[in-house]
Amino acid sequence: MNDLAASVARWLLAAFLGFAGLSHLFWGRETFQAQVPDWLPLGADFVVLASGVVEVALALALVVPTRHRPLVGWVVAAFFLAVFPGNIAQYVEGNDAFGLDTDGARLVRLFVQPLLILWALWCTGAWTWFRSRRRDGSSP
């Protein structure tokens with residue numbers, strides 16, 4: 001893995017998460033509520049605020065030097081996976097948010113989430129760490 005490229009990508013991911021988290025908490029709360037599925041047993045505002053706090057925390061975790069960076073990568077990837085049902089609900093229910101005002105745009109958004117997961121795993125060395133542990137016979 002190219003360390004410089006991974007570091008730049010990690011900082012960009014942290015900036016993305018930090019901006020998204022702050023927008024969840026402040027200026028974009030109503031817009032983000034459009035992505036919270038109706039079937040979720042928690043209030044939409046609570047979900048938006050909680051996810052904003054988590055995103056800011058994850059952004060900070062991505063930039064703080066730590067030997068646990070691969071674990072941070074797995075947690076970020078799990079977060080992206082956990083919020084994916086909201087993206088699916090937005091597509092299925094046809095909710096407009098973030099300029100996603102067509103079915104086509106909402107469908108394209110669905111394909112962004114796996115890329116975010118891969119980005120988190122790559123730039124933190126999480127996938128490489130996992131593969132090396134498996135190769136060495138260690139349990140993950």
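Biologist: Is F16 buried, partly exposed or exposed, and what is its relative accessible area?

Modeller: This is a predicted model, in which local features need pLDDT of at least 70, side-chain atom pairs count only at pLDDT 80 or more, and totals for chains, interfaces and linings use all residues. Residues are numbered from 1 along each chain as its sequence is written, and side-chain values use heavy atoms, without hydrogens and water. Buried means under 20% relative accessible area, exposed over 50%, and partly exposed in between (1.4 Å probe, protein chains only). F16 is therefore partly exposed, at 38%.

Biologist: How many aromatic pairs are there, and what kind of pair do F16 and W119 form?

Modeller: Rings of Phe, Tyr and Trp (its six-membered ring) pair if their centres lie within 6.5 Å; planes under 30 degrees apart count as stacked, over 60 as edge-to-face and the rest as tilted. The count comes to six aromatic pairs. Because the planes of F16 and W119 stand at 35°, with centres 6.5 Å apart, the pair is tilted.

Biologist: How many residues apart in sequence are the parts tied together by W74 and W127?

Modeller: Helices are DSSP runs (H or I, at least four residues), numbered from the N terminus. W74 belongs to helix 4 (residues 69-93) and W127 to helix 6 (residues 126-135), so the parts that this pair ties together are 53 residues apart.

Biologist: Is D38 buried or exposed?

Modeller: D38 is placed in the loop between helix 2 (29-33) and helix 3 (44-63). Its relative accessible area is 67%, so D38 is exposed.

How values were computed
Helices (H or I, at least four residues) and strands (E, at least two) are DSSP runs, numbered from the N terminus.
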